[in-house]
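Me: I have a structure open and would like to go through the terms used for it. Could you take my questions one at a time?

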Amino acid sequence: MDIESNGTPFADEMSQDECEDELLEFKLTFSYAEWQALLVTQEYKRTEKESQNSRTYYILKQNEWCNVFYKHFFSITKLPCPIAFRRCKIYPCGSKFFEFEGKCPECDSKIEGYTYDEPQPEFSIVVHCIYKGNFANCQHTKQRIIRGKTRELYAQKLL
Ligand SMILES: [Zn+2]
């Protein structure tokens with residue numbers, strides 16, 4: 001049993017493909033009023049497949065939350081990515097109070113964000129975000145299309 005390793009030197013492996021994923025962590029801060037304006041009061045239920053337990057959750061106003069989140073995203077990151085926000089859920093009793101997901105259709109980078117605690121009146125809401133992908137080379141130049149009602153609710157000053 002004399003198996004010789006197919007001795008290709010690792011020069012081949014050095015030619016990596018060009019998908020260099022980058023990671024960007026930042027926080028989006030919303031004023032309490034801004035957050036309240038996005039809330040939908042209707043309750044939704046999702047049944048977990050395994051346990052048959054249903055879990056109550058809430059959502060934010062469709063289109064509107066995407067617009068508001070996008071504005072904040074752009075102010076903070078200055079990235080050209082026209083993020084398509086996919087879903088957001090609010091769990092009144094969960095380990096995470098709020099979470100959302102989105103993706104840039106141009107460079108395929110993915111964004112995720114969450115906050116642990118339920119917002120308290122008069123306090124701002126800080127959503128921790130992680131953006132991952134090849135966004136540094138995003139070719140997008142146009143502005144994201146804003147649908148629905150747009151709001152100018154800029155409570156906080158951004159750097
Ligand atoms: Zn992008």
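Reply: Gladly; let us start with helix α3, whose buried residues are W65, C66, N67, V68, F69, Y70, H72 and F73. Please keep in mind that this is a predicted model.

Me: What makes those residues of α3 count as buried?

Reply: A residue is called buried if 20 or more other C-beta atoms lie within 10 Å of its own. W65, F69 and the others named above are the buried residues of α3. Their cover includes β1, α2 (32-38) and β4. The helix itself, residues 64-77, lies across β1 and β4 and runs at about 120 degrees to β1.

Me: How do you know what span to expect for α3?

Reply: The expected span is 1.5 Å times one less than the number of residues. For the 14 residues of α3 that gives 20 Å, and the helix reaches 20 Å from its first C-alpha to its last, close to expectation. Just after α3, K78 takes a positive phi of about 60 degrees.

Me: What makes a set of residues here a nonpolar core, and which members touch the most others?

Reply: The members must be buried residues of nonpolar types such as Leu, Ile, Phe and Trp, joined through C-beta atoms within 7 Å. The largest such core has 24 residues, and L28, W65, F69 and I83 touch the most other members. β1, α3, β4, β5 and β7 (125-133) each supply at least two residues, with the largest share, 6 residues, coming from α3. Leaving aside residues up to four places away in sequence, F69 touches L28 and F85.

Me: Why are β1 and β4 called edge strands?

Reply: The open sheet has 5 strands in the order β1-β7-β6-β5-β4, with antiparallel pairing. β1 (22-30) and β4 (84-90) each have a single partner strand, so one side of each is left without a neighbour in the sheet. From one strand to the next, the twist averages 15 degrees.

Me: How do you know that β5 and β6 pair?

Reply: Pairing asks for at least two bridges between the strands. Strands β5 (residues 98-103) and β6 (residues 110-115) have 6 bridges in the antiparallel sense, so they meet that requirement. Opposite K103 stands K110 in β6, while F98 stands opposite T115 in β6. The hairpin of these two strands has 6 residues between them, and there D108 takes a positive phi near 70 degrees.

Me: What joins β4 to β5?

Reply: Those two strands run antiparallel and are joined by 6 bridges.

Me: Which residues of β5 lie on its covered face, and which on its uncovered one?

Reply: F98, F100 and G102 make up the covered face, whereas E99, E101 and K103 make up the uncovered one. In a regular strand the side chains alternate between the two faces of the sheet.

Me: How confident is the predictor in the chain, going by the mean pLDDT?

Reply: On a scale from 0 to 100, the mean pLDDT of the protein chain is 81, and 76% of its residues reach 70 or more.

Technical notes: Residues numbered from 1 in each chain as written. Predicted model: local features only at pLDDT ≥ 70, side-chain atom pairs only at ≥ 80, totals over all residues. Helix = DSSP H or I, 4+ residues; strand = E, 2+ residues; numbered from the N terminus. Axes fitted to C-alpha atoms, helices over the stretch in contact; angles between N-to-C directions. Contact = placed C-beta atoms within 7 Å. Buried ≥ 20, exposed ≤ 12 C-beta atoms within 10 Å, placed from the backbone.
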